[in-house]
Amino acid sequence: GGSLGAVDRPPHDIPIALTYDDVSIVPRRSSVRSRRDVSTRTRFTRAVTIEIPLVSANMDTVTTAPMAIAMAKLGGIGVIHRFLRVDEQVEEVTRVKRHTNYVIEQPYTILPDTTIAAAEAEARRRGVTGLVVTDGSRRVLGMLTARDVRAAAPEAAVKEAMTPFDALITARPGVGLDQARALLTGNRIEKLPLVDDDGRLAGLITLKDLDAVRELPLASRDERGRLRVGGAIGVRGGFMARAEALLRADCDVLVLDIAHGHSDQAIAAVREIKDAFPTSQVVAGNVATAAGFRDLVDAGADAVKVGIGPGFACSTRVVAGVGIPQLSALLDCAPAARATGVPMIADGGIRRPGDVAKAIGAGASTVMVGSLFAGRDESPGDVVKRHGQTYKVYRGMASRSAAAARLAIEGRDDALDQYVPEGEEMEFPLRGPVADVVGELVGGLRSGMSYVDASTIEQMWERCRFVRQTESGRRESHPGSPREDPG
Ligand code: XMP
């Protein structure tokens, strides 16, 4: 299968390629009673299964820890972008891995002589509301809670304001979850430090995390109950060191992401990573043809990202003149995905919920989303205020400003002069939590699946058929688009 990239085709024999708006899904007799009976369980990579097929893009205006946490809680996954120093990216991964771990193994701590102001800044930087107070050898002295901070002067020392050890409810490292919950609720506290026989800090259990475990049956978790997260890496410079650092932080998936994934360099990089870290899960991309898909699978990829130029902030097709309309790229790669058993990720171009159903129907296992997840509460980036409206920036990772940030990190600022951007920068009005749009996308997918009698993603691959539509068909599809007034 796969003919779009075939080199033996005569040059004048130009195939047509289509995208989401050019097609519509054919309904068929369905035995699915309700959208609730549809399972969206899918594989992100060979070994990582998730409950909803949505991935937040590894872009610096889309995914850092808050977005990755929100995505994993909802049943999808986020990929931390790589336009950060290695230690910063590791810190983002660590924030996700700690988030709903009901036992936080290495809680953030503070020394007793620190000022309240500094402790407050530390808590804010770490994204937590309380810090365990320990001495230099990790012996527990007390706990500094948000309430302690509020009651204290900023210049006071932590040891004067903290809840001291003898007033603290603690437990042994091996405490069971039910017992932990009883201690927390019985004493009306939020955090339970775990202290070993020598009085040293051995962990922390928070009520919030215990509740989260209960309330989030779909959440994407590793075998230890921690949220799953991906981390992006490149193919140049210190990419192996970055990969190793991410894996050491228990990053679940490495996403090797370069603009032209069907390149010798990308193929070699996938090989090198899989050789060095055989048990790691590696996503590779981006490609837009079956040949590209297969070459990355042969190199060892555990999932392949498909999409050259469909992204909302992308200008590859206008700048380089290269790319394949996304639905055809997916259809071209689908047979390779089926034959190899390696999941296909449809990356870019999702504008409406129906596009997710079309991407999955075309053979994708998951969909990577950028622009629809930008401007959300959880998206990183500065908030811009203008005329009483609040905006966040969304930018292509190959845009001029993103490239400037990356080159600065790599210490190659001088390379910016020769840089030809293949991405744009734009602003989106703030539009609330990402859960809202995730709900719309998943709802659309479930509905689409029920129309084709698919109660699983695999059935969707088998049963989904498309029709091509004309421009008038496309117009008919969109509610309220200009039509002739019936008078
Ligand atoms: P959406 O449509 O969801 O697409 O915003 C997100 C995807 O766009 C890709 N991307 C780029 N492509 N130039 C490109 O040609 C860029 O500057 C750029 N930045 C992001 C990427 O695959 C992302 O997941």
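Is Arg188 buried or exposed? This is a predicted model, in which local features need pLDDT of at least 70, side-chain atom pairs count only at pLDDT 80 or more, and totals for chains, interfaces and linings use all residues. Residues are numbered from 1 along each chain as its sequence is written, and side-chain values use heavy atoms, with hydrogens and water left out.

**View A. Arg188 in its loop.** Arg188 counts as exposed, at 75% relative accessibility (exposed is over 50% relative accessible area, buried under 20%, partly exposed in between; 1.4 Å probe, protein chains only). You'll find Arg188 in the loop between helix H6 (177-186) and S10 (helices, H or I with at least four residues, and strands, E with at least two, are DSSP runs numbered from the N terminus). Its phi is positive, near 50°, in a residue other than glycine.

**View B. His387, another loop residue with positive phi.** His387 isn't a glycine either, yet its phi is about 50°. The loop here runs between strand S18 (383-386) and strand S19 (389-395). His387 is exposed, with a relative accessible area of 79%.

**View C. A cis peptide bond in a strand.** Look at the bond from Gly285 to Asn286: it is cis, with omega near 0°. Asn286 sits in strand S14 (residues 281-287).

**View D. The open sheet S6-S7-S8-S9.** Four strands line up in that order, and their pairing is mixed (two strands pair if DSSP finds at least two bridges between them). S6 and strand S9 (163-164) are the edges; each has a single partner strand, so one side of each has no neighbour in the sheet. S6 (residues 109-110) and S7 run parallel, joined by two bridges, and Thr109 has Val132 as its bridge partner in S7. To get from S6 to S7, the chain goes through helix H3 (residues 116-126). At the other end of the sheet, S8 and S9 run antiparallel with two bridges, and Met143 stands opposite Thr163 in S9.

View E. S7 joins strand S8 (residues 140-144) through four bridges, running antiparallel, with Val132 opposite Met143. Five residues lie between the two strands of the hairpin, where Arg138 takes a positive phi near 65°.

**View F. Cysteines without a disulfide.** The count comes to zero disulfides (a disulfide is a pair of cysteine sulfur atoms within 2.5 Å). For Cys464, the nearest cysteine sulfur belongs to Cys333 and is 17 Å away. Cys464 is buried, with a relative accessible area of 4%. Cys251 counts as buried too, at 5% relative accessibility.

**View G. The lining of the second largest pocket.** This pocket is lined by 35 residues, and Thr129, Gly130, Glu190, Lys191 and Thr206 lie nearest its centre (on a 1 Å grid over the protein atoms alone, a pocket is an open set of points where a 1.4 Å probe fits, with protein on both sides within 12 Å along at least five of seven lines; lining residues have an atom within 4 Å of a point). Elements supplying at least two lining residues each include helix H1 (65-74), helix H2 (86-99), strand S11 (201-206) and helix H7 (207-215). H4 gives the most, with four residues.

How values were computed
Right-handed = clockwise from strand over helix to strand, strands pointing away.
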